[in-house]
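Subject: Structure handover

Hello,

Here is the structure I promised to pass on. Please open it first, then read my notes below.

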Amino acid sequence: MLLGWRLTANGVTARLTEVEAYSGLGEDPASHAHRGVTERNRVMFGPAGRLYVYQIYGMHFCANVVCGETGRAAAVLLRAGAVVDGIDLARARRPAARRDSDLAAGPAKLMQMLGLNRAANDTSLLGDGPAVLAPPDSPAGPISAGPRVGVTSAHDVPWRFWITGDPTVSAYRRHTPRKPA
């Protein structure tokens, strides 16, 4: 479980407070790897310990930690974190955040606050890439699970995990299907 782990990049460290799991080929219709290997998702097929970075809405970046065995896609979306070092730099990167707990309360906000973008795609988190993942100093505390956010397929799968009661966890918005035109 990645909750409580620390992610450091570009002078800022965040303690991960919320993540969301995605399985691979044919198993999870919400996964980018559901239909097989493409140039975009190839990093999800291994090896573990690498970042899979992609762009949403043409302007925001999100990151997953690849965690499956090589050849079998699996990744964990980094949804939210609490800044534990580099707070002034984090505030400068996210000037619209009203509170420090809002600095990384969502996957795109987390990436912006860490100063990461597509250039971090397919890089190692094990010490030789632009971001480094380190184990927690202490257990994360009570963990909650619930449905995923922002996906149209398999939105009811309870593969979103967060540190219970943590103020940095992103707001849950229930999936609402589009109405036919």
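A contact here means heavy atoms within 4.5 Å. With that in hand, take the contacts in the protein chain between residues at least 6 apart in sequence: 56% of them join residues at least 24 apart. Please keep in mind that this is a predicted model.

Now the overall layout. The protein chain has two helices and eight strands. Starting at the N terminus, the order of elements is β-β-β-β-β-α-α-β-β-β. The chain counts 181 residues, and 48% of these are buried.

- P47 sits in the loop that runs between β2 (12-22) and β3 (51-56).
- N10: its phi is positive, about 50°, although N10 is not a glycine. You will find N10 in the loop between β1 (6-9) and β2. N10 has a relative accessibility of 39%, so it counts as partly exposed.
- D122: here too phi is positive, near 60°, in a residue other than glycine. D122 belongs to the loop between α2 (107-114) and β6 (131-134). Its relative accessible area is 22%, so D122 is partly exposed. The cut-off for buried is under 20%.

Then the cysteines. C67 has a relative accessibility of 44%, so it is partly exposed.

Last, the aromatic side chains. The structure contains one aromatic pair. Such a pair of rings is described by the distance of the centres and the angle of the planes. There is also a charge over a ring: the charged end of R160 sits over the ring of W162. The distance from that charged end to the ring centre is 4.3 Å.

Go on to N10 and its positive phi. Finish with R160 over the ring of W162.

Best wishes

Note on methods:
Residues are numbered from 1 along each chain as its sequence is written. This is a predicted model: local features need pLDDT of at least 70, side-chain atom pairs count only at pLDDT 80 or more; totals for chains, interfaces and linings use all residues. Side-chain values use heavy atoms; hydrogens and water are left out. Buried means under 20% relative accessible area, exposed over 50%, partly exposed in between (1.4 Å probe, protein chains only). Rings of Phe, Tyr and Trp (its six-membered ring) pair if their centres lie within 6.5 Å; planes under 30 degrees apart count as stacked, over 60 as edge-to-face and the rest as tilted. A charge sits over a ring if NZ of Lys or CZ of Arg is within 6 Å of the ring centre and within 35 degrees of the ring normal. Helices (H or I, at least four residues) and strands (E, at least two) are DSSP runs, numbered from the N terminus.
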